[in-house]
Amino acid sequence: MQILEHGQAQDRTLLFFPCTAEPVWAFADTITLLSQRWHVFQVVYDGHQPEYPGDFTSVEQTVDEVISYLKSHGVSRLGGAYGCSMGGACLTRMLALGKCPSTGPSSTAGSRPISCPS
């Protein structure tokens, strides 16, 4: 698993869990827009991008690795979060664990924003 960071000059943080089997370039326009207002942490799953080889193991392992990455970079609370499809499963698990809560809007499965208690 890799995390690509965009908009590092921004104060607000946004975690971006993409859907299954979509390459990084599929979200380039979205990430460009988001990074104008957010410090975006874009998750790249193992085996989903040629330059980041490996095998995807589980939602649980991915979430543990994301939480570890964020904490090692001084992020203990997110300003917002997005997850679609498998990314929605990752986001739901992460928020349920409460180890890196989101204080802003969170969206799973790309449906509608949900607000999670802090």
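Colleague: At what relative accessibility does Ser-85 count as partly exposed?
Modeller: The class of partly exposed lies between buried, under 20% relative accessible area, and exposed, over 50%, with a 1.4 Å probe and protein chains only as cover. Ser-85 falls into this class because its relative accessibility is 43%.

Colleague: On what kind of model do these values rest, and which pLDDT do side-chain atom pairs need?
Modeller: Residues are numbered from 1 along each chain as its sequence is written, and side-chain values use heavy atoms, with hydrogens and water left out. The model is predicted, so local features need pLDDT of at least 70, totals for chains, interfaces and linings use all residues, and side-chain atom pairs count only at pLDDT 80 or more.

Colleague: Where is Ser-85 found, and what is its phi?
Modeller: Ser-85 is placed in the loop between β4 and α3 (86–97). Helices (H or I, at least four residues) and strands (E, at least two) are DSSP runs numbered from the N terminus. The phi of Ser-85 is positive in a residue other than glycine, at a value near 60°.

Colleague: In what order do the elements of the chain run?
Modeller: The chain comprises 3 helices and 6 strands. From the N terminus on, their order is β-β-α-β-α-β-α-β-β.

Colleague: What radius of gyration does the chain have?
Modeller: The C-alpha trace spans about 35 × 30 × 30 Å along its principal axes. The radius of gyration is taken over C-alpha atoms, and the globule rule is 2.2 Å times the number of residues to the power 0.38. For 118 residues a compact globule would therefore be near 13 Å, and this agrees with the value for the chain, 13 Å.

Colleague: What share of contacts between residues at least 6 apart joins residues at least 24 apart in sequence?
Modeller: Of the 118 residues, 46% count as buried. The chain exposes about 6200 Å², with carbon and sulfur atoms supplying 51% of it; the areas come from the Shrake-Rupley method with a 1.4 Å probe, and for residues only the protein chains shown count as cover. A contact means heavy atoms within 4.5 Å. Among contacts between residues at least 6 apart, the share that joins residues at least 24 apart is 71%.

Colleague: How does the lining of the largest cavity divide by class?
Modeller: Its lining includes Pro-18, Phe-27, Val-44, Tyr-45 and His-48. Ala, Val, Leu, Ile, Met, Phe, Trp, Tyr, Cys and Pro count as nonpolar, Asp, Glu, Lys and Arg as charged, and the others, Gly among them, as polar. The division is 7 nonpolar, 3 polar and 1 charged.

Colleague: Which elements give two or more residues to the lining of the largest pocket?
Modeller: The lining has 8 nonpolar, 2 polar and no charged residues. The pocket holds about 150 Å³ of space. Two or more residues of its lining come from each of β2 (13–17), β4 (80–83) and β5 (106–108).

Colleague: With which residues is Gly-54 in contact, leaving aside neighbours within four places in sequence?
Modeller: Gly-54 sits in the loop between β3 (39–44) and α2, and is partly exposed because its relative accessibility is 40%. Its C-alpha atom is 8.2 Å from that of Met-1, 53 residues apart along the chain. The contacts of Gly-54 are Asp-46 and Gly-47.

Conventions:
On a 1 Å grid over the protein atoms alone, a cavity is a set of points where a 1.4 Å probe fits but cannot get out, and a pocket is an open set with protein on both sides within 12 Å along at least five of seven lines; lining residues have an atom within 4 Å of a point. Grid points are joined across faces, edges and corners, and a volume is the space filled by probe spheres set on the points.
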